[in-house]
Amino acid sequence: MTFLLCCGTKSASPSFLPSVHYNPQVSARDLALFSLDQKRLPHWNPPVLTRGKIPQLTDPRDRALAEQIEIGVVKNLLLLQHLLQHHSGRALKSIDPLVQKITAIGLYQLRFLDRIPESAAVNEAVEQTKRFGRARAAGFVNAILRKALRDPNPPLPGPTDPRRHAQIVLSHPPDLFDRFTSLVGEERALEICRHDNREPPTIVRLGQSAKPEDLTAAHITIRPHEQANMFVVEGAKQSTLANWAAQGLAQVQDPTAAAVVEHLSIQPTNRILDRCCGLGTKTIQIRELSGAESHILAIDPSADRCQTLRATAAQRNYQNIQIRQIGMLTELPAEDPKTYDRILVDAPCSNSGVMARRPEARYAQDATHLTSVRRLQERILNDTATWLHPTGLLVYSTCSIWPEENQHVVETFLKAHPDFELNTQRTTLPQSSEDAAHYRDGGYCAVLKRR
């Protein structure tokens with residue numbers, strides 16, 4: 001494995017070295033560090049590291065640990081940055097960006113992971129600092145982490161100061177909390193922030209011909225979710241979940257997302273368009289509901305996502321799914337059908353309703369980004385309108401809870417297309433409880449039809 005420190009990266013630390021090559025044994029911490037380094041996150045410079053060819057971790061436990069560290073640091077970033085400043089007495093801008101990231105990983109392990117000995121977490125952070133060309137900062141990292149051990153519970157803002165509590169303790173930027181508050185009030189806004197920081201449960205949608213007992217196995221617990229045909233799974237490994245999906249037994253899916261397809265009211269002989277198919281989770285759900293006599297066209301601009309769906313369809317022997325790698329329907333071949341009985345537009349969005357599963361989305365909810373996303377959503381809907389059969393249904397959905405991506409987009413569409421009308425619409429807020437059977441992510445769904 002080879003890492004290279006980018007020569008053009010500026011650093012406030014005198015320990016900065018222009019470039020370093022080394023080939024240690026790959027570790028979970030190193031992969032977590034590289035993954036974090038590639039993300040654009042608050043107060044962290046663009047990537048410091050460039051990567052050569054990195055071998056994959058062979059032990060699934062190491063892979064799981066690397067992912068846990070990466071997600072945990074992102075979910076708790078503002079808290080970890082606050083602790084770094086508290087324990088160091090220094091502003092973030094005065095600390096080398098790579099040292100910040102290494103220290104954040106160590107602080108996360110000390111504060112949130114109980115299976116790693118404290119001494120090991122500290123020593124690993126110090127050694128990682130040296131390996132990545134920051135040897136002069138090793139003492140600094142050691143001092144910060146040992147101070148965190150001596151002072152594990154520094155004063156933090158409480159719920160009586162909800163905005164600061166959300167920012168520091170729950171790592172939600174103030175502007176995001178303000179958006180939540182304007183939408184649902186302070187108390188519910190804090191509930192959503194707590195929801196985003198919890199580890200979401202594993203929930204699966206049962207396959208069309210499968211039974212719950214088909215999923216039983218040693219060390220796996222399965223129980224019904226409050227939504228029909230959905231089940232909470234505990235103790236299943238990723239390999240088990242992938243095997244269930246390959247066999248058509250069950251597919252990991254959030255209940256809010258799964259409910260979207262039901263609004264299509266699919267009939268067995270329908271011609272169906274999945275307008276933004278992604279990896280094809282909803283495409284496969286559509287196929288299960290419509291059967292072999294339907295015709296399904298799935299489109300997406302990503303070659304990788306289309307290839308994944310092709311492989312899944314071939315694995316299931318679903319021969320009535322056609323997949324096109326295109327962005328707009330005007331790019332379809334002339335021989336393709338010109339109208340569809342059912343159209344699903346599961347539009348790209350801000351992911352504001354699924355931040356428990358996509359934690360970095362909480363740092364990208366600014367007005368500029370939302371305006372850009374909304375323009376794309378409107379463009380996709382307008383591009384799709386003429387392809388709906390006069391008696392058909394068009395379902396527009398997002399995994400966002402912001403009105404400007406949901407109701408406002410639909411209202412703008414209806415003004416531009418007076419031959420359409422709104423049948424139903426629903427916004428689902430993120431919901432958590434002690435019982436995973438009531439868990440669901442947030443999202444929006446609207447059913448449109450021609451007048």
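User: Where does serine 171 lie in this model?

Analyst: The model is a predicted one. Serine 171 lies in the loop that runs between α7 (162-169) and α8.

User: Why is serine 171 called buried?

Analyst: Its relative accessibility is 0%. Buried means under 20%, so serine 171 counts as buried.

User: Which loop holds serine 265, and what is its phi?

Analyst: Serine 265 lies in the loop between α11 (255-262) and β7 (271-274). It is not a glycine either, and its phi is positive at about 50°.

User: Why does serine 265 count as partly exposed?

Analyst: The relative accessibility of serine 265 is 37%. Buried requires under 20% and exposed over 50%, with partly exposed in between. The value of 37% therefore makes serine 265 partly exposed.

User: Why is α8 called oblique to α9?

Analyst: Helix α8 (residues 174-184) and helix α9 (residues 186-197) pack at about 130°, their axes 7 Å apart. Roughly perpendicular ends at 115 degrees and roughly antiparallel starts over 145, and the rest is oblique. That makes α8 oblique to α9. The crossing of α8 past α9 is right-handed.

User: What makes up the contact of α8 with α9, by residue and by class?

Analyst: On the α8 side are Phe177, Phe180, Thr181 and Val184; they meet residues of α9 including Leu190, Ile192 and Cys193. By class, the contact has seven nonpolar, one polar and three charged residues.

User: How do you know whether valine 141 is buried or exposed?

Analyst: Valine 141, found in helix α6 (residues 138-150), has a relative accessible area of 0%. The cut-off for buried is under 20%, so valine 141 is buried. Leaving aside neighbours within four places in sequence, valine 141 is in contact with Val99, Thr103, Ala125, Val126 and Thr129.

User: What makes β4 and β6 the edge strands of their sheet?

Analyst: The open sheet has four strands in the order β4-β5-β3-β6, with antiparallel pairing. Strands β4 (221-224) and β6 (250-252) each pair on one side only, as edge strands do. Neighbouring strands are turned by 35° against each other on average, direction ignored.

User: How many bridges link β3 and β5?

Analyst: Strand β3 (residues 202-206) and strand β5 (residues 230-234) pair in the antiparallel sense over four bridges. Isoleucine 203 has valine 232 in β5 as its bridge partner.

Key:
Residues numbered from 1 in each chain as written. Predicted model: local features only at pLDDT ≥ 70, side-chain atom pairs only at ≥ 80, totals over all residues. Heavy atoms only, no water. Axes fitted to C-alpha atoms, helices over the stretch in contact; angles between N-to-C directions. Helix = DSSP H or I, 4+ residues; strand = E, 2+ residues; numbered from the N terminus. Parallel < 35°, antiparallel > 145°, perpendicular 65-115°, else oblique. Left-handed = near helix turned anticlockwise from the far one by under 90°. Contact = heavy atoms within 4.5 Å. Nonpolar A, V, L, I, M, F, W, Y, C, P; charged D, E, K, R; others polar. Buried < 20%, exposed > 50% of the residue type's maximum accessible area, 1.4 Å probe, protein only. Pairing = 2+ DSSP bridges.
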